Amino acid sequence: MSSTSSPYRIIAVCTGNICRSPMAELILAEAFTAAGLADAVIVDSAGTTAYEAGRPIDPRAARKLTAHNLLSDRHIAREWRPEWYSERHLILALDVDHYGWLRASAPDHETRARIRMLRSFDPALESKDPLDQGIEDPWYGDHNDFETVWEQVQAAVPGIVQFVRAAIADDARLKLQDSQQVRSIS
């Protein structure tokens, strides 16, 4: 993906896009707003399947988000589209099956390098194998399972914000160097 002045784009990916990935999307969007990066980062989400496409967020996920003042009433589930590989700077898989699917479908090595397990940004799990970094699907569970998803995503948020802040700073440095080189040639 080339360096541009457009916002840094992140997508969270789970199976149906009604539980884990929309929770991650809204938690991360709020974190980037709190970090003063709302204008520099866009977060969205998708599912690896069309099972839930067109449906709203799971009501249990919505309740969990609402309890933390995050509104999810505009969320509509959607299926992953291949062109998003080239349009996203960071692709966050919520579980190992999503990670494997995204990597197997990725068009090239550069794209595969942008695919990460969301919990690989959790300091307690960053050195672990992707098999140990997954977030289990809460759809089959109860309120406690949605609480677990909340906590697991929250544990990775500071690492993701730090990673993106550094990527944006690196991009700005490269642009400055390029503009200085152009001026020195002129």
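Arginine 88 is buried, with a relative accessible area of 2% (buried means under 20%, exposed over 50% and partly exposed in between, using a 1.4 Å probe and protein chains only). The model is a predicted one, where local features need pLDDT of at least 70, side-chain atom pairs count only at pLDDT 80 or more, and totals for chains, interfaces and linings use all residues. Residues are numbered from 1 along each chain as its sequence is written, and side-chain values use heavy atoms, with hydrogens and water left out.

Arginine 88 sits in the loop between helix H3 (84-87) and S3; helices (H or I, at least four residues) and strands (E, at least two) are DSSP runs numbered from the N terminus. The arginine 88 side chain makes a polar contact with the side chain of aspartate 44 at 2.5 Å, and another polar contact, of 3.4 Å, links the side chains of arginine 88 and glutamate 87. Such a contact is a pair of N or O atoms within 3.5 Å; within protein, one must be able to donate a hydrogen and the other to accept it, and residues adjacent in sequence count only if both atoms are side-chain atoms.

Arg88 also turns up among the residues touched by isoleucine 10, along with Phe32, Asp44 and Val164, leaving aside residues up to four places away in sequence (contact means heavy atoms within 4.5 Å). Ile10, Phe32, Leu118 and Ile160 have the most contacts inside the largest nonpolar core, which has 37 residues. A nonpolar core here is a set of buried Ala, Val, Leu, Ile, Met, Phe, Trp, Tyr and Cys residues joined through side-chain atoms within 4.5 Å. Elements that each supply at least two residues of this core include strand S1 (8-14), helix H1 (20-34) and helix H6 (143-185). H6 gives the most to this core, with nine residues. A second, separate core of 13 residues includes Tyr85, Ile91, Tyr99 and Ile115.

Asparagine 17, in the loop between S1 and H1, has a positive phi of about 65 degrees although it is not a glycine. Asparagine 69, in the loop between H2 and H3, has a positive phi near 60 degrees. Asparagine 17 is buried, with a relative accessible area of 0%, whereas asparagine 69 is exposed, at 70%.
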